[in-house]
Amino acid sequence: MTLLDEGETTCCYARSEKHWVTDPQGIAWEHFHSLDSIATFNVGQNGERSLGLLRHDLRPRAAAR
């Protein structure tokens with residue numbers, strides 16, 4: 001299994017601790033704990049937009065072909 005820890009991040013209207021786990025079949029599962037809401041969609045505390053991650057970013061290179 002592959003683990004990607006994003007740590008504290010923003011997504012949609014929430015500030016969260018987030019990580020992703022990729023199972024043996026290559027499916028990425030998101031786990032998060034929402035800490036607070038944010039006023040503007042996908043904007044972090046420093047004013048930068050959060051791009052988030054796409055599922056294909058988590059697949060091992062061999063499986064991405």
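The legends below describe several close-up views of one predicted model.

In this predicted model, local features need pLDDT of at least 70 and side-chain atom pairs count only at pLDDT 80 or more, while totals for chains, interfaces and linings use all residues. Residues are numbered from 1 along each chain as its sequence is written, and side-chain values use heavy atoms, with hydrogens and water left out.

**View 1**
Read along the sequence, the protein chain follows the pattern β-β-β; here helices (H or I, at least four residues) and strands (E, at least two residues) are DSSP runs, numbered from the N terminus. Of the 65 residues in the protein chain, 28% count as buried, where buried means under 20% relative accessible area, exposed means over 50%, and partly exposed lies in between (1.4 Å probe, protein chains only). The protein chain exposes about 5,000 Å², and carbon and sulfur atoms supply 54% of this area, as computed by the Shrake-Rupley method with a 1.4 Å probe.

**View 2. The open sheet, in which three strands lie in the order E1-E2-E3.**
The pairing in this sheet is antiparallel, and two strands are said to pair if DSSP finds at least two bridges between them. Strands E1 and E3 are the edge strands, since each pairs on one side only. From one strand to the next the twist averages 15 degrees, an angle taken between the N-to-C directions of axes, which are lines fitted to C-alpha atoms, on a scale from 0 to 180 degrees.

**View 3. The hairpin of E1 and E2, with two residues between the strands.**
Strands E1 and E2 pair in the antiparallel sense over nine bridges. Threonine 2 has threonine 22 in E2 as its bridge partner, and cysteine 11 has alanine 14 in E2. Cysteine 12 is placed in the loop between strand E1 (2–11) and E2, and its phi is near 60 degrees, a positive value in a residue other than glycine. Most residues other than glycine have a negative phi. Cysteine 12 counts as partly exposed because its relative accessibility is 36%.

**View 4. The hairpin of E2 and E3, with five residues between the strands.**
Nine bridges join strand E2 (residues 14–22) to strand E3 (residues 28–37), and the two run antiparallel. Alanine 14 stands opposite serine 37 in E3. In the turn, glycine 26 has a positive phi of about 90 degrees.

**View 5. The aromatic pair formed by tyrosine 13 and phenylalanine 41.**
Rings of Phe, Tyr and Trp (its six-membered ring) pair if their centres lie within 6.5 Å, and planes under 30 degrees apart count as stacked, over 60 as edge-to-face and the rest as tilted. By this rule the count comes to one aromatic pair. Tyrosine 13 and phenylalanine 41 are edge-to-face, at 5.4 Å centre to centre and with 65 degrees between the planes. Because tyrosine 13 lies in the loop between E1 and E2 and phenylalanine 41 in the segment after E3, the pair ties together parts that are 28 residues apart in sequence. Tyrosine 13 is partly exposed at 48% relative accessibility, and phenylalanine 41 is partly exposed with a relative accessible area of 38%.
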